[in-house]
Amino acid sequence: MRETNRRWHLAKRPTGEPDADCFDLREGERPTPNPGELLVRVRYLSVDPYMRGRMRDTASYAEPWAVGDPLSGGVVGEVVESGSDRYGPGDIVAGRGSWADYAVLDADDATDVDPSVAGLPAYLGVLGMPGRTAYFGLFDVAEPRAGETVVVSGAAGAVGSTVGQLAALQGCRVVGFAGTDEKVDWLVDDLGFDAAINYAETDDYRAALDDAAPDGVDVYFDNVGGPITDAVFTRLTVDARVAVCGQIAHYNDETVPTGPRKLPQLIAPRATVQGLLVSDFAPRFERASQRLREWVAAGDLQHRETVVEGLEHAPEAFLGLFSGDNVGKQVVRVSAAASS
């Protein structure tokens, strides 16, 4: 068992799209947990688009990292030392920790992981923060009704792929935007989307929507922004609802793009646009997690993870989010099972 600890730190703030020089891998002593904490050997760590905002020196819903700070996010791992009565060595838990070989987690914020329901990476995706984001964003913000048309941008990502399947379970027609033919086929053939549009091969998003959503768009779950959102806004139906979850098309912008003005497109349909942060629903996380586990266990909710091997490749995995390398949830495998 490794006695030292490798951990990634923010080396500098990026200008535009981050690169490898923004990350610094340091090696130090393995940490020791305080009372109420857990020392976890990280098995998998999560990389997520929102982390790009934490690299800026501006206030946001997620506290920015200072230059030199360790990078952090969702992790799944095995408890090595425990300062809590809730967990003991050998337990598998999920929580927030460092991009590192070993991470210290707050025991009160850690959650149990049941490998019999799904593999460990799923607890960073469909059974973790992205799954809960999809659940609350769709059901509480977008409120889809059977027979309505739901359009999802970033549909082959961790959040979008879950949103589309949950909408289909509600009896909706589901249309997704994704960036490759492989992703389009996965959405339609495996996840049950009614139609999917390869935005990288489509010159006219409005015409593509006319074909895929001939009755217009009742619900739009926006993970991307940009020209896709511009096109969808022209196809909103009366009383349409728009849930704004992310804007990955703009995360690396240094200036705010204006693009086509969208607000006039909301007048005739009397559409509602609402942003969402999953943290607002924290008191109901356990209920959402329970329902997601039930759907996964029953085979009603499919999931996929793109696994990048090795802690040393964590920055590459993060940067890959902005070029669409992932299908489903992007995770990094830091270590194998303790028995291996």
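## Helix H2

The expected span of a helix is 1.5 Å times one less than its number of residues. In this predicted model, helix H2 covers residues 129-142, a run of 14 residues. From its first C-alpha to its last, H2 reaches 18 Å, close to the expected 20 Å. Just after H2, Glu143 takes a positive phi of about 50°.

Twelve of the 14 residues of H2 are buried, so the helix is largely enclosed by the rest of the structure. Among the buried residues are Pro130, Arg132, Tyr135, Phe136, Phe139 and Val141. The cover over the buried residues of H2 includes helices H3 (158-169) and H7 (285-298). It also includes strands S11 (217-222), S12 (236-244), S13 (272-275) and S15 (329-333).

## The six-stranded sheet

Strands S11, S12 and S13 also belong to an open sheet of six strands, in the order S10-S9-S8-S11-S12-S13, with parallel pairing. Strand S10 (195-198) and S13 stand at the edges with a single partner strand each, so one side of each has no neighbour in the sheet. On average, neighbouring strands of this sheet are turned by 15° against each other, direction ignored.

Strand S9 (residues 173-178) runs parallel to S10 and is joined to it by four bridges. Within this pair, Val175 stands opposite Ala195 in S10.

## Helices on the sheet

Helix H3 packs on the sheet, where it touches strand S8 (149-152), S9 and S11. The direction of H3 makes about 170° with that of S8. Helix H4 (residues 181-190) lies across S9 and S10, and runs at about 170° to S10.

How values were computed:
Residues are numbered from 1 along each chain as its sequence is written. This is a predicted model: local features need pLDDT of at least 70, side-chain atom pairs count only at pLDDT 80 or more; totals for chains, interfaces and linings use all residues. Side-chain values use heavy atoms; hydrogens and water are left out. Helices (H or I, at least four residues) and strands (E, at least two) are DSSP runs, numbered from the N terminus. Buried means under 20% relative accessible area, exposed over 50%, partly exposed in between (1.4 Å probe, protein chains only). Contact means heavy atoms within 4.5 Å. Two strands pair if DSSP finds at least two bridges between them. Axes are lines fitted to C-alpha atoms, for helices over the stretch in contact, and angles run from 0 to 180 degrees between N-to-C directions.
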